[in-house]
Amino acid sequence: MELPSLVLIGYNVLRSLGDLMNSKGIKKGGVIAAGRNVWSRYGHILKEVLESEGNKTSWIPVDNSTYEDVQKVEKEAQKRKANFIIGFGGGKSIDVAKLAAYKLRIPLISIPTNAAHDGIASPFASIRGLNKPYSITTKPPLIVVADLELILKAPQRLISSGVGDIVAKLTAVRDWELGRDEKGEYFGEYSAKLALLSAKHVIEKAEMIGRMEESGIRSLIEALISAGVAAGIAGSSRPCSGAEHLFSHALDIIAPDKGLHGEKAGIGAIMMAKLHKMDWKEIKETLAKSKAPTSAYDLGLSKEEVIKALLLAPKLRPERYTILHKVKLDMKKAYDLASSVGVV
């Protein structure tokens with residue numbers, strides 16, 4: 001099991017970063033991977049915190065979560081002989097920092113500024129430009145600092161996307177159980193239960209999240225972090241990623257730049273729950289309460305794109321057995337499924 005060593009969630013906790021780094025013996029001097037918008041809004045705060053501890057850092061702009069971005073961060077870190085890398089911002093920046101730190105074997109510090117995804121504390125990074133259209137294994141961050149003062153300022157869409165990524169754990173775990181029952185796959189009961197607990201926690205707080213209430217957002221952040229920990233315990237993304245994530249990754253190929261990862265995973269979870277004969281309406285209601293998308297049209301996706309994604313999804317990871325590998329949809333069955341739950 002590889003897990004984060006320190007996780008701090010709360011108001012104005014970014015100010016404690018220097019103490020946390022010192023407690024872990026992290027040497028001075030590093031680089032920060034962050035998007036341009038996040039850096040223009042909050043970069044001065046992070047830089048001030050680090051410099052107050054005598055930490056000289058440089059910022060590397062992250063425009064996309066591509067392998068080129070990873071190489072850019074890696075090259076700058078090597079040039080400056082960095083002792084750590086900070087992923088500051090959303091999923092793209094954290095994932096890029098995660099892979100760069102993993103390749104250089106130096107500590108990663110994860111500082112999310114939104115709650116759109118479960119990669120905050122997980123050992124997995126979703127990077128474009130590799131030979132895999134899905135997440136790859138790295139290492140979890142050494143330190144996670146989730147400052148609610150910054151996260152509560154994020155656009156609501158970035159919050160509700162996190163709800164989609166969390167409710168997806170319901171169908172991901174069911175897919176994992178399917179792999180155990182029909183393929184003899186290893187199944188980690190503890191990590192599965194932790195992932196399910198994260199989802200149930202968010203289901204209970206969906207309305208509060210939709211109203212952007214502090215306690216609801218805190219619960220979402222806790223759930224996203226614990227889901228990442230569940231993956232660390234399992235040693236794979238199985239408790240967090242099933243057919244609904246394959247659907248999301250398929251849409252990345254078919255309709256790039258339409259919808260956030262969590263939004264697409266949430267919509268995928270509605271359909272996969274129907275195939276599993278689960279309570280798909282509860283998932284849809286949870287998404288609606290949190291103001292997350294519940295249909296393809298909410299994301300500007302066409303009926304044809306959804307059908308193509310459902311057919312492509314099981315081909316992306318043939319070795320990972322899911323409900324889509326079992327039912328083997330054709331075009332008509334894919335349309336019937338999507339229309340039966342109101343996705344199209």
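Predicted model: local features only at pLDDT ≥ 70, side-chain atom pairs only at ≥ 80, totals over all residues.
A salt bridge is a side-chain nitrogen of Lys or Arg within 4 Å of a carboxyl oxygen of Asp or Glu. Residues are numbered from 1 along each chain as its sequence is written, and side-chain values use heavy atoms, with hydrogens and water left out.

By the salt-bridge rule, the count comes to 22. Helices (H or I, at least four residues) and strands (E, at least two) are DSSP runs, numbered from the N terminus.

Glu177 is partly exposed, at 23% relative accessible area. Arg174 is partly exposed too, at 33%.

Glu185 and Arg238 meet in a salt bridge of 2.7 Å, N to O. This pair links distant parts of the chain, 53 residues apart. Glu185 is in the loop between H6 and helix H7 (189–204). Arg238 is in the loop between helix H9 (214–234) and helix H10 (243–254). Glu185 has a relative accessible area of 26%, so Glu185 is partly exposed. Elsewhere, salt bridges link Asp118, Asp165 and Lys169 in a network.

In soluble globular proteins, nonpolar side chains tend to be buried together. A nonpolar core is a set of buried Ala, Val, Leu, Ile, Met, Phe, Trp, Tyr and Cys residues joined through side-chain atoms within 4.5 Å. The largest core has 78 residues. Leu220, Phe247, Met271, Met272, Val306, Leu310 and Val343 touch the most other members. H9 supplies the largest share of this core, 12 residues. A second, separate core has 23 residues, including Leu14, Val38, Phe88 and Val145.

Neighbours within four places in sequence aside, Val343 touches several residues, among them Ile267, Ile270, Met271 and Val306. Thr57 lies in strand S3 (residues 57–61). Its relative accessible area is 12%, so Thr57 is buried. Beyond neighbours within four places in sequence, Thr57 is in contact with Gly30, Ile32, Lys47, Leu50 and Phe84.

Pockets were found on a 1 Å grid over the protein atoms alone. A pocket is an open set of points where a 1.4 Å probe fits, with protein on both sides within 12 Å along at least five of seven lines. Lining residues have an atom within 4 Å of a point. A volume is the space filled by probe spheres set on the points, which are joined across faces, edges and corners. The second largest pocket has a volume of about 260 Å³. Of its 15 lining residues, Ile106, Pro107, Leu108, Lys139 and Pro140 are the closest to its centre. Helix H4 (residues 91–104) gives the most to this lining, with three residues.

Conventions. Buried < 20%, exposed > 50% of the residue type's maximum accessible area, 1.4 Å probe, protein only. Contact = heavy atoms within 4.5 Å.
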